[in-house]
Amino acid sequence: MNLFEVVRFSLRGLSANKLRSALTMLGILIGVAAVILLVAVGNGSAKAISDRIEALGTNTITVMSTGRGGSSSTALTTAMADALLDPELAPDIRSVSPVVSASSAAMTHEGADHAVSTFVGTTPDWFGASSTPVERGSAFTADDVAQGRRVVVIGQTVAEELFGGVDPIDRQVTVSGALFTVVGVLKEKSSTGFQDSNDTAVAPLTAVQQVLAGYGALTSIIVEAKDPDRVDAVQSEVSTILNQKLGVTSGGGSRTGTTSTPYRIQNASSLLQTQTETADTFTALLGTVAAISLLVGGIGITNIMLVTVTERTREIGIRKALGAPRRVILTQFLIEATLLSVLGGALGVAAALIGSRFEIVGVKPVIVPSSIGLAVGVSVAIGLFFGGLPAARAARLRPIDALRYE
């Protein structure tokens, strides 16, 4: 008996009980689809976070106040930001952008109103340092900052909410009772399912201080390095200058009585590396959890094939009595188990590809090609492994015992 005939007998055996075969394939289908989709969700979540970190620029660091010290002398100020532009103490710094931000600033235009999630006051260098280019119109200038002009650049979401399909350039909006003129619209950014990156507005630092934030401490300072390879050097230079300005000693204390630095430096490059490592662990965990369903599907194959062998005992006895060798019986049942796994795996891949077109828990899945090959490969291996025991049992049956079976 050649391989073709063995496969034909296997297919006939599977089709003899279509419902049972379908339910067995369903277990494999769910397992394969779960592995591919959960890995895709983990990968999609990691990509969304990475995009947001990279949007800040991997050649930047962000200095934020920790609020320690209980004194205005420990707050970040524009004078400190200006001090970071010292070419001798900080030769690796390209630009410095002081930032003040106000959350949920109400903007209105001709009866339409919208609460902007982030209203940023900064300098023109912020657009380049934060990788946030202007798509329409233009950014404000250093002269706008110096004069405190009330001009604003808005994100795509703000433009749609307030202006619809109307061009917002040179139109006026009201922010906390003050009129601002729209001079530009930011290029659209990708967003996670948790926060809209385009729901933002950017205006000159001085104008935001006048209208929204007051002339207190800065929210943060974004420092851009001349080269991505010099980010660590920039971080050291920033720390040195700020420690001098804040009176922080080399041991971590300060003249104001704080026991640690009253600021925190966030390195975008280091943050991206840490996030990538965390995401890889998270994705591996999701894949491992999903793989358990594949194992359950394999146990189902064992049970179904054992039942099949029992039901077809007399058939096996007849075939052996007619001269069918042991290897043919073994191969037939192994092929049956493998076909269940392969067909279930193929359907699982199709289900996963369809499912990846939709957002899952607010995340757009990103299919990892290797996960498809791995899931299908494991499903085939499961068919061979878990189908081996029933196949071996069928092959070991003695013809006389099989023929006597009722």
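**Before you start**

This is a predicted model, in which local features need pLDDT of at least 70 and side-chain atom pairs count only at pLDDT 80 or more, while totals for chains, interfaces and linings use all residues. Residues are numbered from 1 along each chain as its sequence is written, and side-chain values use heavy atoms, with hydrogens and water left out.

**The whole chain**

Show the chain as a cartoon: there are 13 helices and 10 strands. These are DSSP runs numbered from the N terminus, with helices being H or I of at least four residues and strands E of at least two. Of the 406 residues, 46% count as buried; buried means under 20% relative accessible area, exposed over 50%, and partly exposed in between (1.4 Å probe, protein chains only). The accessible surface is about 19,700 Å², and carbon and sulfur atoms hold 58% of that. Areas come from the Shrake-Rupley method with a 1.4 Å probe, and for residues only the protein chains shown count as cover. Among contacts (heavy atoms within 4.5 Å) with a separation of 6 or more, 78% join residues 24 or more positions apart.

**The cores**

Select M107, F119, I154, V223 and V238, which touch the most other members of the largest nonpolar core, a set of 46 residues. A nonpolar core consists of buried Ala, Val, Leu, Ile, Met, Phe, Trp, Tyr and Cys residues joined through side-chain atoms within 4.5 Å. Which residues does F119 touch, not counting those up to four places away in sequence? They include V100, M107, V152, V175, A201 and L212. Apart from this core lies another, of 20 residues, including I28, V32, A324 and A391.

**Helix α8**

Next select residues 231-246, helix α8, whose 16 residues reach 22 Å from the first C-alpha to the last. That is close to the expected 22 Å, the expected span being 1.5 Å times one less than the number of residues. Among its buried residues are V234, V238, I241 and L242. The buried residues of α8 pack against β1 (60-65), α3 (78-83), β2 (93-109), β9 (220-225) and β10 (263-267). Just after the helix, G247 has a positive phi of about 70°.

**Strand β7**

Go to L186 in strand β7 (residues 178-186). L186 is buried, at 3% relative accessibility. Its contacts beyond four places in sequence include F127, P133, I154 and V202.

**Two loops**

Most residues other than glycine have a negative phi. S131, in the loop between α4 (125-129) and β4 (134-137), has a positive phi of about 55°. S131 is partly exposed, with a relative accessible area of 36%. S176, in the loop between β6 (172-175) and β7, also has a positive phi, near 50°.

Select T338 in helix α11 (residues 326-355). Is T338 buried or exposed? At 16% relative accessibility, T338 is buried. Leaving aside neighbours within four places in sequence, T338 contacts V380, G383 and L384.

End at L23 in helix α2 (residues 18-55), where L23 is exposed at 53% relative accessible area.
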